[in-house]
Amino acid sequence: MRQLAVFRVRGHVYNQITHKPARKPKFFLCPKQETREWGGEQRTSIQKQDGSFELADVLPGSYVLTAMWFDEGKAHVARLPIDVGNADVDGVSIAITPGTDISGRIIWKVRQAWSKMSFR
């Protein structure tokens, strides 16, 4: 076995809907090149009342940080690209905003084999 350096990603989530710290948002850190064969996703939740969070044991690489907060049955999501090099990543700021409604239709082509289907 080989030892690998791991780092921390720390920051704050800002709730632009209530303008108060989000109550129990969830955080997901997923590799940008995620495949279904590897579940390299890391999860955490708010650890402090001020909206700060910390993800530990992160390998160097490119990720997408997703913050998700539920309010009255509606999910609010924010995403932010994160690159982890050879040091901890501090001072990450991610804002959960009200968003906007878009009406329309989405059409996608389904692959022949369901087991290989992926959505992004």
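**Strands and a ring pair**

Tutor: Gladly! β2 and strand β5 (residues 61-71) pair in the antiparallel sense over 6 bridges. This is a predicted model, where local features need pLDDT of at least 70 and side-chain atom pairs count only at pLDDT 80 or more, while totals for chains, interfaces and linings use all residues. Residues are numbered from 1 along each chain as its sequence is written, and side-chain values use heavy atoms, without hydrogens and water.

Student: What makes β5 and strand β6 (residues 74-84) a pair?

Tutor: Strands are DSSP runs of E, at least two residues long, numbered from the N terminus. Two of them pair if DSSP finds at least two bridges between them. β5 and β6 have 11 bridges, in the antiparallel sense; among them, phenylalanine 70 is partnered with alanine 75 in β6. The two strands form a hairpin with 2 residues between them, and glutamate 72 in the turn has a positive phi of about 50°.

Student: Why is the pair of phenylalanine 27 and phenylalanine 53 called stacked?

Tutor: Rings of Phe, Tyr and Trp (its six-membered ring) pair if their centres lie within 6.5 Å; planes under 30 degrees apart count as stacked, over 60 as edge-to-face and the rest as tilted. Here the centres are 4.3 Å apart and the planes are at 25°, so the pair is stacked. Phenylalanine 27 lies in strand β2 (residues 26-31) and phenylalanine 53 in strand β4 (residues 52-58), 26 residues apart.

Student: How do you know whether phenylalanine 53 is buried or exposed?

Tutor: Buried means under 20% relative accessible area, exposed over 50%, and partly exposed in between (1.4 Å probe, protein chains only). Phenylalanine 53 has 3% relative accessibility, so this residue counts as buried. Phenylalanine 27 is buried too, at 0%.

Technical notes:
Helix = DSSP H or I, 4+ residues; strand = E, 2+ residues; numbered from the N terminus.
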